[in-house]
Structure formats: C-alpha cells, structure tokens
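Reader: I have a sequence and a set of atoms to look at. Please show me how to read the features.

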Amino acid sequence: MKSQHHDLILAISTVVLGVGVGFASLLLGLIAEAIVHLFLNFTETAAKPVAWAAGSTRRLVSLLIGGCLAAVIWYLMRRRMRPTVSIAQALLEKKEMPPATTTVHVLTQILYVSVGGSVGRELAPRELGAMLAQSWERVLHKMRAITLSKEDRRLLIAAAAGAGFAGIYLSPLTGTMFALELLLKKADLRAVLVSLPMAVIAMLIGSLHRGFAAYYALGGGAFDWRVALIAVVLGPVCGVVGALFRMGFRWATLHSTRDKNLLWQLPLMAAITGLIAMQMPQIMGNGRALAEPAMTNTQANLIGFFLLAALAKALVTVFTLRAGAAGGTLTPSIAIGGVLGMTAGIALAQLGLGLPIWQVAVLGAASLLAASQQAPLMAMFMLFEVSHLHPTALVPLAIGTFLAWLVARACLSKWQSAPKPKPIQ
C-alpha cells in the first residue's frame, strides 16, 4: 500500500513538474523574443536566423549594452546573493538550488544570449527545471505527503532539467535522453516512465506559442544510403574537433571569472563579439544564425567564410564563458559541426558523388555535438527532432555520433592523462 502511494505521488509529480517546467520554458522563450526585438528589432525564425536587418552598428551597440548589463547583474548576484548551485551539484551533492539566485542567473543568461552573446540558451531552462523540481519536493515535504527517496529526488531533478530542454526546443526525446544519458547515466523503466512523459508535457506547453515548426529548416525526404558510409570518416573527424571544443569550454568553465574582473572582462568579450558581428552576424546568439545558413549552403566559394565563422564562433564562445558568462554549449557545437559537415558535403559534390549536401551537414552537426557533450544518443535525437528529419536519417546519425563519441572519448582520455610540461626555471 505504501509503495502504491509512493508511485501515485511520483506520477502526480511527473504531471505537475511537466506543466510547471513547460510554462517556465514558454515564458523564457517569450522573454528571449522580447529582448531580441527590443535590442535588435528582429524576430528570429528558421527562415531568418541572422540579424542582418538590424545593421552593423545596432548589433555592436546591442552587445555592448547587453554585455555591460549582464556583467553588473552577475557580479552583484555573486556578491550579494546565495551562491549558484549547478544541476550536477544538486544531483550528486544534494545541494539546494536557491530559487532567487537561480531565477536571476537564468534570466541573465537569456538576456545575454538574446542581445547576441555567443552562448547556448539551453542551460537556462534546464537549470530552472531542476530548481522547480527541488521546490516541488519541499512542497511535498511541507504537505507531509511523502518523503521521496534519494533516487527519486535525483530522478525528478534530472527529468525536470530534461523537460526544460524539451519545452524550449520542442524535443521530448532529446530532453529524455539528456536526463537519462547525461544526468542519471542510467535508463531503467522507472526513469523512462518519469522522464519521457514529463518531457512530452513540457513540449506540448512550450509549443503553445510557436507551434511545431522545425528549429532548423532543412531539406526533406529520405537520406541517401551513402551518407552512412560518409559517417565512418566524418564521425571520427568531428570526434577530434568536438574533443578540442569540449576541453576548451571545460577550461573556460573551470577558470571562469567570478570576482570584480567580471565587470570589465565580460563587456570586453561582448565588444569583441560585437565588432566581429558587424561584418559576421552569424556568430551572434546561440548558434542558430551560423548553423542554419551553413547547413543549407551549396556554394563552394563560401566554404572559407563559413570555416572562418566557425572558428570565430568556437573562440568567442569559449572566451565568453571564461570571462564570466554562463550558458550552454550544445547549439554552438551544432553550428561548428554543421560547418564541417557542409564543407565535407561540398567537397564530395565536387568529386561527383552527388550527395545531398545538407544531409552531410546534419551528420556533421550531430557528430560534433555527440563528441563535445559525450552523449551520442542525445545528439542523434536532438538533430532528428529539431530538424524534423526522415526516419532514414537515424542510421547515418547513429553511426556518426557513435564513432565521434568513441574518438572524442579516446582523445580526451589521452590528452587529460598526458604529463603536463614543467615550468621554465
């Protein structure tokens, strides 16, 4: 009887958190749209992902003002409010995510990426979801409904974080895989029965504003079977690049500025981003502005431009995190991988193979994402869901993401265990 009561509370929690996280994600999306419109007079869509119409000066001013505001808010938050608690700390160390601090932290992330800052926006809804799960647990405790076990507390936090992702990108399978593969690192029936329904509910609510349009508007139809063969080569290449990117943002996060130097370092990085964006607005924001045009490009003469943009995107993202900003790295990874895949697709077309270039580009995006996040299942399903791909895409994506993950894992293990050079006396 006690077990049945426990399962009922868990089921109720799944629905309540799915609804709560879904509306929270919907609200974050609306806030992001409002900020983009205010600063850049621009509405981002798959058809118009780049803020060309804003003009070069306005792009620079947007980043300067937004960077200064974000720097001041983060500095005051870290100085006067309770310390932020990451999702990993909430899961592994059972630390409480302070609601006020987490809310300010999340909204500042949305502010910075919306004005054009080069970080992903997916971390914000994940953190908000995890915080809401802890808040709900406290409500249950006060109501004396039940005391959740350690495993069920971890499950609700992970599932709510995944639901936040699902609510913002309308990708329930990706949100589920994020919870199972990256946070819980297991996939038993109980975990699936909580994570998947919660992500689906959040996705349905998140879709109330913008419907179910694809986040990346790419080609349609079945995948060419030869793309699976290309995955055998492209996957490992993306694995090496993804491992480098992972090491970069890991270094940036570990050495992220937390003291008063944030007040000049983050505005400086915002200014650098703005100066580059005056001529190359594709580097702005979470990566969609680069990924969309790169994955749909078919012109060989633009390869140099896109490779330069991908390098700039990688460097600006890493050093933005180093300067004290917070944000995700999933969508920047997709942008860089999309450029590599597009380059490979055009090169193969020049050799007369006649493969759909966008399909190779999607393969590159998924493979590099798998390498940088060390999560092949999440990467495969994310590109599948957000791009509304044909089911035949799953085979080449599975091959590419698995090989990229393996190669990146080997590279990271070797590089991290390598002896560090002795300092010069």
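Author: Start with pockets and cavities. On a 1 Å grid over the protein atoms alone, a pocket is an open set of points with protein on both sides within 12 Å along at least five of seven lines, and a cavity is a set where a 1.4 Å probe fits but cannot get out. Lining residues have an atom within 4 Å of a point. Grid points are joined across faces, edges and corners, and a volume is the space filled by probe spheres set on the points. One caution: this is a predicted model, where local features need pLDDT of at least 70, side-chain atom pairs count only at pLDDT 80 or more, and totals for chains, interfaces and linings use all residues. Residues are numbered from 1 along each chain as its sequence is written, and side-chain values use heavy atoms, with hydrogens and water left out.

Reader: What volume does the largest pocket have?

Author: The largest pocket has a volume of about 1,200 Å³. Its lining counts 35 residues, and Ser 86, Ala 88, Leu 123, Arg 126 and Thr 253 are the closest to its centre.

Reader: Which elements give two or more residues to that lining?

Author: First, the term. Helices (H or I, at least four residues) and strands (E, at least two) are DSSP runs, numbered from the N terminus. Here the elements are H3, H5, helix H7 (172–184) and helix H9 (226–254).

Reader: How do the lining residues of the largest pocket divide by class?

Author: Ala, Val, Leu, Ile, Met, Phe, Trp, Tyr, Cys and Pro count as nonpolar; Asp, Glu, Lys and Arg as charged; the others, Gly among them, as polar. The lining of the largest pocket has 15 nonpolar, eleven polar and nine charged residues.

Reader: What about the second largest pocket?

Author: Its volume is about 490 Å³. Of its 23 lining residues, Glu 33, Glu 44, Arg 121, Arg 210 and Arg 288 are the closest to the centre. H1, helix H6 (150–169) and helix H8 (189–210) each give two or more residues. H1 gives the most, with seven. By class, this lining has eleven nonpolar, seven polar and five charged residues.

Reader: How many cavities of 30 Å³ or more are there?

Author: The count is one. About 140 Å³ of space lies in the largest cavity. It is lined by 16 residues, and Leu 40, Phe 42, Glu 44, Met 284 and Gly 285 lie nearest its centre. Helix H1 (2–40) and helix H4 (99–114) each supply at least two residues of this lining. The classes are ten nonpolar, four polar and two charged.

Reader: How do I read a salt bridge?

Author: Side chains of opposite charge can pair when their charged atoms come close. The cut-off: a side-chain nitrogen of Lys or Arg within 4 Å of a carboxyl oxygen of Asp or Glu. The structure holds ten salt bridges. In one of them, Glu 96 pairs with Arg 138, with the closest N and O atoms 3.2 Å apart. This pair links distant parts of the chain, 42 residues apart: Glu 96 is in the loop between helix H3 (87–92) and H4, and Arg 138 is in helix H5 (residues 123–143).

Reader: Is Asp 224, the partner of Arg 226, buried or exposed?

Author: Buried means under 20% relative accessible area, exposed over 50%, partly exposed in between (1.4 Å probe, protein chains only). Asp 224 has 18%, so it is buried. Arg 226 has 27%, so it counts as partly exposed. Their closest N and O atoms are 2.9 Å apart. Salt bridges that share partners also join Glu 151, Arg 154, Lys 186 and Asp 188 into one network.

Reader: What is a nonpolar core?

Author: In soluble globular proteins, nonpolar side chains tend to be buried together. A core is a set of buried Ala, Val, Leu, Ile, Met, Phe, Trp, Tyr and Cys residues joined through side-chain atoms within 4.5 Å. The largest nonpolar core has 130 residues; Trp 74, Tyr 112, Leu 266, Met 295 and Ile 334 touch the most other members. A second, separate core has six residues, including Ala 243 and Cys 411.

Reader: Why is helix H11 called largely enclosed by the rest of the structure?

Author: Helix H11 (residues 288–296) is largely enclosed because seven of its nine residues are buried. Among them are Arg 288, Glu 292 and Met 295. The buried residues of H11 pack against helix H12 (303–322), helix H13 (330–350) and helix H14 (357–373); contact means heavy atoms within 4.5 Å.
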